Amino acid sequence: MSGRNEELLEYLDKSGAELFALLTRLTLRQDVAEELMQELFIKLSRSSGPDHKAGTWDAYARKAAINLAFDWRRRKRTPLQQLEQVPEPVSKDGSPLGGLIRCEELQETLDAIGRLKKASREALIRRYIQQESYEHIAEQMGATPHQVRAICSRAVNHLRVTLGSNHRQST
Amino acid sequence: MSELDENQIHDRLKRLSQIEPSQDAAERAVQRVRETISLPWATTRGRPYGLLPMMAKLAAAAVILIAAGVVAGRLSAPQVDTEQLRAELEASLKSSLEPAIRQSVLDEADRRWQSVFAAGCAELKDELAQQVRRDLTQFAAQSLTASGVQTQRQLRELIQLIEAARIQDRRNVEAALEHIESQFGNGLVTLAAHTNELQGPEQNH
């Protein structure tokens, strides 16, 4: 086995579970996350990308994982029944319909995140979904923490507008 | 322009961050990746399943061998039968290359079947998930409609009951009034007559 593969296996042991969790959060499906994990590591093993020293390797892998997940979301997008066609339930808590609506909200949020620019999307996901510190994100994205804060803030505002207009249409 | 509350955005993002895959699924995924990385073709750069490069290599090897044979034939003594040499060379090449080509074609076919099968599985899973989702939404909509109809029916029954109780109540009051009238009606007439009689002399004065 080549040295590159050994490095890859080492990285898999170290960060595999975390990358799988990230893919699951972005696809909301474990089976798809499993397929994308395969794709991601095949891509990493064939890429001539960065020098693959610890830091850059991790940053490259995370960026690739985010891109793969959103590519999958774009591919699988199919028209579903709109929620506004369903009568308003008396109580949303605990009911199957409530669960469906909450799931739909997450899908809607992820779709809106998918429409952000790549850098904003990556910063937002790493900060708010992966709960990484601004300093760590800045280090891996080659920016300052202050810049990352600004990017995240703009991304949230963008989501507010996008999701707000969706919400208004649905009501 | 309408905007969603920032807290709602953060709430949704928090819910996303709290999604955790099961331990089993994570271990299975890591194991699958480990097995995939161990396969030599998986980590080869360029086209993973290319039949053409392999065929090209084999063809190039065959050409080199033939050329070597021809050169050897030309350089060797003229008494050598070139036809026989060509036939022998051809037989030799055939026997050495044929199994390799057959094996490579079989391997390639296997790999393509496997990849087609894997893609089919993923599509099937997607379609199944979408179908379940549509069914659930439809079922929820039907349940709500049915419960709405049931509620309306019960309300109608309640209104009818109240109306019946109100009519019954009126009848009771009417009966009571008639009873009072029958009991005290004559007495009142007598009282009025006596009153007139008592007042009569005073009015005569």
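Predicted model: local features only at pLDDT ≥ 70, side-chain atom pairs only at ≥ 80, totals over all residues.
Let me start with helix α5 of chain A, residues 118-129, where E122(A) and R126(A) both lie, four residues apart, about one turn of the helix. Helices here are DSSP runs of H or I with at least four residues, strands are runs of E with at least two, and both are numbered from the N terminus. E122(A) and R126(A) form a salt bridge whose closest N and O atoms are 3.3 Å apart, where a salt bridge is defined as a side-chain nitrogen of Lys or Arg within 4 Å of a carboxyl oxygen of Asp or Glu.

Residues are numbered from 1 along each chain as its sequence is written, chains are lettered from A and ligands numbered from 1 in the order in which they are written, and side-chain values use heavy atoms, with hydrogens and water left out.

Now compare two other pairs. In chain A, D71(A) forms a salt bridge with R74(A), with the closest N and O atoms 2.6 Å apart, and these two residues are three apart in helix α3, residues 54-76, which puts about one helical turn between them. D71(A) is partly exposed at 32% relative accessibility, and R74(A) is partly exposed at 45%. In chain B, R15(B) and D11(B) both lie in helix α1, four residues apart, and their salt bridge has its closest N and O atoms 3.8 Å apart. R15(B) is partly exposed at 21%, and D11(B) is partly exposed at 41%. Over all chains, a search of the whole structure finds 26 salt bridges.

Let me step back to chain A as a whole, whose secondary structure comes to seven helices and zero strands. Buried residues make up 48% of its 171 residues. If we take contact to mean heavy atoms within 4.5 Å, then among the contacts in chain A with a separation of 6 or more, 63% are between residues 24 or more positions apart.

L28(A), which is not a glycine, has a positive phi of about 60 degrees, and L28(A) is found in the loop between α1 (3-27) and α2 (30-46). Q131(A), also not a glycine, has a positive phi of about 55 degrees, and Q131(A) sits in the loop between α5 and α6 (134-141). L28(A) is partly exposed at 22%, whereas Q131(A) is exposed at 52%.

Finally, how many residues does each chain bring to the contact between chain B and chain A? Chain B gives 46 residues and chain A gives 61. The area buried between them is about 4900 Å², of which carbon and sulfur atoms give 61%; buried area is the accessible area, with a 1.4 Å probe, that two parts lose on being put together, summed over both. R12(B), L16(B) and R133(B) supply 14% of the area that chain B buries against chain A, more than any other three residues. Across this interface the rule finds ten salt bridges, and R12(B) also meets E108(A) in a salt bridge at 2.8 Å, N to O. On the side of chain B that touches chain A, α1 (6-17), α2 (23-38) and α4 (82-204) each supply at least two residues.

Notes:
Buried < 20%, exposed > 50% of the residue type's maximum accessible area, 1.4 Å probe, protein only.
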